[in-house]
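Subject: Structure handover

Hello,

Here is the structure I said I would pass on. Please open it beside this email and follow along as you read.

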Amino acid sequence: MSKPFQLTHDVIASENRRLEADLGRDAEHLASVLARRGAVFEALVARARAFRIAVPSWGLATGGTRFARFPIAGEPRDVFEKIDDCHAINLLVGITPLVSLHIPWDKPRDAGALKAHAEERGLAIDSMNSNTFEDQEGQPLSYKYGSLAHPDPAVRRQAVEHNLECIEIGRALGASSLTVWIGDGGNFAGQMHFRDALAAYLDSMQAIYAGLPANWRVLLEHKLFEPAFYSTVINDWGTSYWAAERLGPQAFCLVDLGHHAPNVNIEMIVARLIQFGKLGGFHFNDSKYGDDDLDAGSTKPFQLFLVFNELVDAELAAVPGFTPAYMLDQSHNVTDPIESLMVSAMEVQRAYVQACLVDRAALDAAQEANDALAALAALKAAFTTDVSPLLAMARRAAGGAADPVAVYRASRYREVIAKERPAPPRRGAGIV
Ligand SMILES: [Mn+2]
């Protein structure tokens, strides 16, 4: 069998040459604008290049809604092909060498072979995601009424065992964290005893925590609603923080941007978790109504910038233990998932670089002087700066594409892999 189609640096370089003259002029102009503000273009390129965000294996196939899923040709049929698509993404954007896996869908027959497959492509597995929100074939007990917080200890035990298995698989793959989101909750008032359910969750999580390797983290993901529409067990950051605090120093909170009520001040939640030493990571996406799982930065880019304003502030202040993991968690229903993931990774990187542009001295002075207008102006000056040429230069310097979507489309990657992957993909993995 011939080797699967791969994008190459040669293809990327020839496309980059086409854009070279314009990019050079745009970058020069931006560098002079930044210099007037005391910022150094090359230093920001270095920070942009050092930025890292993980791609979710479950985002590589077309997503779906509660109503339907419309697959596209060439979707990855197994975890090896998912890694191949992640490789293409990382070659083009240069900031996504990490992959988050979802068990059981990504459970490898041979963990060593999968690890080698990823490493050969310059990729590493970062976080293992468990699934107890859907039943699997052959599974003895159902998660219909919950998992880690189920009233029946036998169901809880089964869910704990699954999470411990995720850790074992992850250990063989070189992963470093377990992300736990549960669908447990109630659809009706009175369905669930709030305090008993949370106590059961903590008890189950303690058994999982006990199985963590010493260098691992467990990331607790809260969610206000869905699939349960009246109450959820880990409903908000406060409950998540309470659980992480009780579990111990290897437990942290994960913020999925879509898992809050509309208009909640997420950047403030981020600041609180930083201050309390429990911010473990993010699932980036965007939303207009609920957990829409739209592409990061597509709907509320200012909110994304404000989140990064808090993150960069903590980075500059060298807050002890501040090493959050950045991951995408999206559902791509009407776009090519590879294109959406590339654009989303770049939008998160854009928010990071824009936050790096904030004049912290001016912001501090405005806050000291209670000058609200000047404080907002300091943020807006950074947010309204078009850093696109800087990001393109950073990608180019890393061997990536100045315009990743243009190169991807010119390479006809989707059409070629569609021929190489004729069999229909398995029904998609879960979206959390
Ligand atoms: Mn999530």
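Before the helix pairs, one definition: an axis is a line fitted to C-alpha atoms, taken for a helix over the stretch in contact, and the angle between two axes runs from 0 to 180 degrees between N-to-C directions. Please also keep in mind that this is a predicted model.

Helix 3 and helix 10

The axes of helix 3 and helix 10 cross at roughly 40° and come within 10 Å. Helix 3 is therefore oblique to helix 10. The crossing of these two helices is right-handed. On the side of helix 3, the contact is made by Asp85, Ala88, Ile89, Leu92 and Val93. Helix 10 brings Ile338, Leu341, Met342, Ala345 and Met346 to the contact. Sorted by class, the residues of this contact of helix 3 with helix 10 are 9 nonpolar, no polar and 1 charged.

Helix 3 and helix 4

Helix 3, which covers residues 79-93, also packs with helix 4, at an angle of about 15° and with the axes 10 Å apart. That angle is why helix 3 counts as roughly parallel to helix 4. The crossing of helix 3 and helix 4 is right-handed. Val79, Phe80 and Ile83 of helix 3 make the contact with Leu114, His117 and Ala118 of helix 4. The contact of helix 3 with helix 4 has 5 nonpolar residues, 1 polar residue and no charged ones.

Helix 11 and helix 12

Helix 11 (residues 360-368) packs with helix 12 (residues 372-383) at an angle of about 160°, and their axes are 8 Å apart. How do helix 11 and helix 12 run relative to each other, roughly parallel or roughly antiparallel? Helix 11 and helix 12 are roughly antiparallel, because angles over 145 degrees count as such. Helix 11 passes helix 12 in a left-handed crossing. Helix 11 contributes Ala362, Leu363, Ala366 and Gln367 to the contact, and helix 12 contributes Ala374, Ala375 and Ala378.

The nonpolar core

How many residues are in the largest nonpolar core? The largest nonpolar core has 113 residues. Those with the most contacts inside this core are Leu92, Val99, Leu220, Cys253, Ala355 and Leu390. The largest share of the core comes from helix 10 (residues 337-356), with 11 residues.

Valine 99 can be looked at by itself. Leaving out residues up to four places away in sequence, valine 99 touches Ala54, Val55, Ser57, Ile83, Cys86, Ala118, Leu123, Ile125 and Asp126.

Two cis peptide bonds

The peptide bond from isoleucine 103 to proline 104 is cis, with omega near 15°. Proline 104 lies in the loop between strand 2 (98-102) and helix 4 (111-120). A cis peptide bond also joins glutamate 226 and proline 227, where omega is about 5°. Proline 227 is in the loop between strand 6 (217-221) and strand 7 (231-232).

Two positive phi values

Aspartate 293 is not a glycine, although its phi is positive, at about 55°. This aspartate is found in the loop between strand 9 and helix 9. Is aspartate 293 buried or exposed? Aspartate 293 is buried, because 24 other C-beta atoms lie within 10 Å and 20 or more are enough to count as buried.

Arginine 412 also has a positive phi, near 55°, and is a residue other than glycine. Arginine 412 sits in the loop between helix 14 (404-411) and helix 15 (413-420). Arginine 412 is exposed, because 11 other C-beta atoms lie within 10 Å and the limit for exposed is 12 or fewer.

Aspartate 295

Aspartate 295 is in the loop between strand 9 (279-284) and helix 9 (301-316). With 23 other C-beta atoms within 10 Å, aspartate 295 is buried. Not counting residues up to four places away in sequence, aspartate 295 touches Asp286, Gln330, Ser340, Val343 and Ser344. Between aspartate 295 and leucine 44 there are 24 Å in space, C-alpha to C-alpha, and the two are 251 residues apart in sequence.

Regards

Notes
Residues numbered from 1 in each chain as written. Predicted model: local features only at pLDDT ≥ 70, side-chain atom pairs only at ≥ 80, totals over all residues. Helix = DSSP H or I, 4+ residues; strand = E, 2+ residues; numbered from the N terminus. Parallel < 35°, antiparallel > 145°, perpendicular 65-115°, else oblique. Left-handed = near helix turned anticlockwise from the far one by under 90°. Contact = placed C-beta atoms within 7 Å. Core = buried A, V, L, I, M, F, W, Y, C linked by C-beta atoms within 7 Å. Nonpolar A, V, L, I, M, F, W, Y, C, P; charged D, E, K, R; others polar.
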